[in-house]
Amino acid sequence: MTGQERSEEKSECVSLSPMMEADPALPESERVCVFGTGDLGHSLGLRLLQAGYGVVFGSRRPHSSSRLPHGAQVLGHAAAAQSAHLIFIAVQREHYDFLVPLANQLKGKVLVDLSNNLRKNQYPEANAEYLQSLVPGAEVVKGFNTLSAWSLQNGPSDANRQVYICGESAEAKEAVIAVATKLGLSALDRGSISVARELEDFPLQLFPQWRLPLRIAIGLSAAFFFYLLIRYVIYAYVTQGKDISFRIMVSLANQVCPIVSLIMLSLCYLPGVLASFLQLYRGTKYRRFPNWLDRWMLCRKQLGLLSLGFAFLHVLYTLIIPIRYFVRFKATERTVSVIRENRTTEFDTTTAWRSDSYLSLGILGFGLYVLLGITSLPSVSNALSWREFSFVQSKLGHLTLLLCTAHTYLYGWNRFLSSSTYKWYTPPGYMLCLVLPSVVLLLKLLLITPCVDRTITRIRQGWERGADQRNPKDSQPLIP
């Protein structure tokens with residue numbers, strides 16, 4: 001071992017000594033204590049050090065705590081508790097017993113409970129409430145439990161920056177909020193300690209905002225898959241005796257994906273249209289929307305991202321069409337047949353226009369689709385003003401819906417006039433998927449007419465229909 005290594009080892013042993021006192025150069029307000037030297041405690045301590053705080057770790061075995069960030073001090077629990085006013089409890093509930101003998105040292109301190117449970121209702125009371133009962137003289141605040149060790153190490157650039165806190169003492173919560181703000185986090189006060197159970201359930205939820213959109217996507221996919229399976233595969237087998245079941249893997253999937261994508265894109269913009277008509281009917285913006293409409297509007301982002309995912313699948317399936325065995329076989333067979341029969345086919349300008357327009361609208365629609373998806377990312381949307389974000393998500397969003405709907409109309413062209421299109425008297429899938437986007441676009445067209453748009457603008461600026469009757473001087477004609 002070199003002299004430099006021995007010197008570093010000696011200095012490390014000194015810094016980890018349980019008898020060492022906290023650095024008196026820092027005021028108590030700039031010094032925090034962390035009970036727990038696991039991954040979460042390590043990451044939290046590192047983040048606090050980077051923010052300029054003096055960090056003192058409390059550990060059962062200070063001598064063996066060698067994995068802690070450079071610059072932190074390690075003391076026994078009793079000495080560490082006396083070194084700071086704000087203490088983070090980064091240990092599981094099963095190990096809270098060591099705090100009971102420290103009741104005198106923790107009196108008047110602010111204890112931040114970071115613990116979570118393995119399942120809901122695991123204990124009769126919330127962990128924070130249990131901690132408060134063990135140390136009644138301390139001020140317990142529940143917080144930081146929605147952050148993982150990885151997100152703490154990732155720094156303020158991470159999109160997951162919101163933390164929730166609750167507690168009985170307003171001063172204690174203000175102290176915790178001040179630390180969170182200095183760490184680059186956004187703290188939201190949820191109220192008293194009775195809300196702690198709700199906060200502890202947050203990390204146990206699996207994609208809570210995605211459940212309804214995923215159910216809709218799965219339901220639509222299954223419904224249209226079986227519908228198209230009956231119309232194409234089963235119909236061909238029953239009426240013609242042909243086995244075309246191989247089309248399930250690509251052809252059928254390439255019909256289901258664009259159908260579901262267009263319907264879900266329509267579902268993104270339908271609640272906004274319904275909300276506008278509801279405000280027109282009520283003549284005010286100060287009445288709450290129905291709960292089902294509120295819930296629908298809150299999951300529009302997830303509906304849009306799932307819609308974009310189905311659009312991506314449609315593009316990928318379309319790109320592999322030329323390399324499919326079935327397509328290459330049919331093309332070769334058609335070419336050989338034309339040569340044998342010495343036939344020629346005239347160029348159809350109408351078909352060429354329709355084909356190029358169909359492809360062009362699809363490309364433009366998909367390009368705007370991707371733009372909508374990119375601007376929904378927190379890192380991008382945070383860099384946009386509200387007007388810019390609204391322009392992209394609303395104006396360009398409706399333009400995307402218009403282009404994709406026109407793309408589908410050109411795909412169908414005049415097939416609706418042919419009786420062979422309606423197998424077993426059922427309409428093709430693309431006809432069914434055009435109903436909802438067409439309705440949304442027609443309703444939106446009504447809303448942007450000058451007289452209706454002016455009324456909606458006044459309502460959203462605070463005008464109420466009943467207010468004009470109470471104060472005629474303030475009323476203005478809707479149509480000049």
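1. Ground rules. The model is predicted, and local features need pLDDT of at least 70, side-chain atom pairs count only at pLDDT 80 or more, and totals for chains, interfaces and linings use all residues. Residues are numbered from 1 along each chain as its sequence is written, and side-chain values use heavy atoms, with hydrogens and water left out.

2. The chain as a whole. There are 20 helices and eight strands in the chain; these are DSSP runs numbered from the N terminus, H or I over at least four residues for helices and E over at least two for strands. Of the 480 residues, 39% are buried, where buried means under 20% relative accessible area, exposed over 50%, and partly exposed in between, with a 1.4 Å probe and protein chains only.

3. Helix α10 with helix α12. Helix α10 (residues 251-282) packs on helix α12 (residues 300-319) at an angle of about 155°, and their axes are 8 Å apart. Here axes are lines fitted to C-alpha atoms, for helices over the stretch in contact, and angles run from 0 to 180 degrees between N-to-C directions. The pair is therefore roughly antiparallel; the cut-offs are under 35 degrees for roughly parallel, over 145 for roughly antiparallel, 65 to 115 for roughly perpendicular, and oblique for the rest. The crossing of α10 and α12 is left-handed, a term used if the near helix is turned anticlockwise from the far one by less than a right angle, with right-handed for clockwise. On the α10 side the contact includes Cys257, Met264 and Cys268, and on the α12 side it includes Arg300, Phe310 and Tyr317. By class, this contact has 15 nonpolar, seven polar and one charged residues. Ala, Val, Leu, Ile, Met, Phe, Trp, Tyr, Cys and Pro count as nonpolar, Asp, Glu, Lys and Arg as charged, and the others, Gly among them, as polar.

4. Helix α10 with helix α11. Helix α10 also meets helix α11 (residues 291-298), with axes that come within 9 Å and cross at roughly 140°. That angle makes α10 oblique to α11, and the crossing is left-handed. Leu267, Leu270, Pro271, Leu274, Ala275 and Leu278 of α10 touch Trp292, Leu293, Trp296 and Met297 of α11. This contact has 10 nonpolar, no polar and no charged residues.

5. Helix α16 with helix α18. Helix α16 (residues 386-412) and helix α18 (residues 435-447) pack at about 135°, their axes 10 Å apart, and are therefore oblique to each other. Helix α16 passes α18 in a left-handed crossing. From α16 come His398, Leu401, Leu402, Thr405 and Tyr409, and from α18 come Pro437, Ser438, Val440, Leu441 and Lys444. The contact has six nonpolar, three polar and one charged residues.

6. Threonine 408. This residue of helix α16 is buried, with a relative accessible area of 12%. Not counting residues up to four places away in sequence, threonine 408 touches Leu262, Tyr430, Cys433 and Leu434. Its neighbour cysteine 433 is buried too, at 2% relative accessibility.

7. Cysteines. How many disulfides are there? The count comes to zero, taking a disulfide as a pair of cysteine sulfur atoms within 2.5 Å. For cysteine 299, the nearest cysteine sulfur is that of cysteine 268, 8.3 Å away. Cysteine 299 is buried, at 5% relative accessible area.

8. Aspartate 189. Aspartate 189 sits in strand β8 (residues 186-189) and is partly exposed, with a relative accessible area of 39%. Leaving out residues up to four places away in sequence, aspartate 189 touches Ile165, Cys166 and Lys173. Aspartate 189 and lysine 173 are 16 residues apart in sequence and 7.8 Å apart in space, C-alpha to C-alpha.

9. Positive phi. Two non-glycine residues deserve a look. Asparagine 342 has a positive phi of about 55°; it lies in the loop between α13 (325-341) and α14 (349-375) and is exposed, with a relative accessible area of 68%. Tryptophan 424 has a positive phi near 55° and lies in the loop between α16 and α17 (429-433). At 39% relative accessibility, tryptophan 424 is partly exposed.

Definitions and conventions. Contact = heavy atoms within 4.5 Å.
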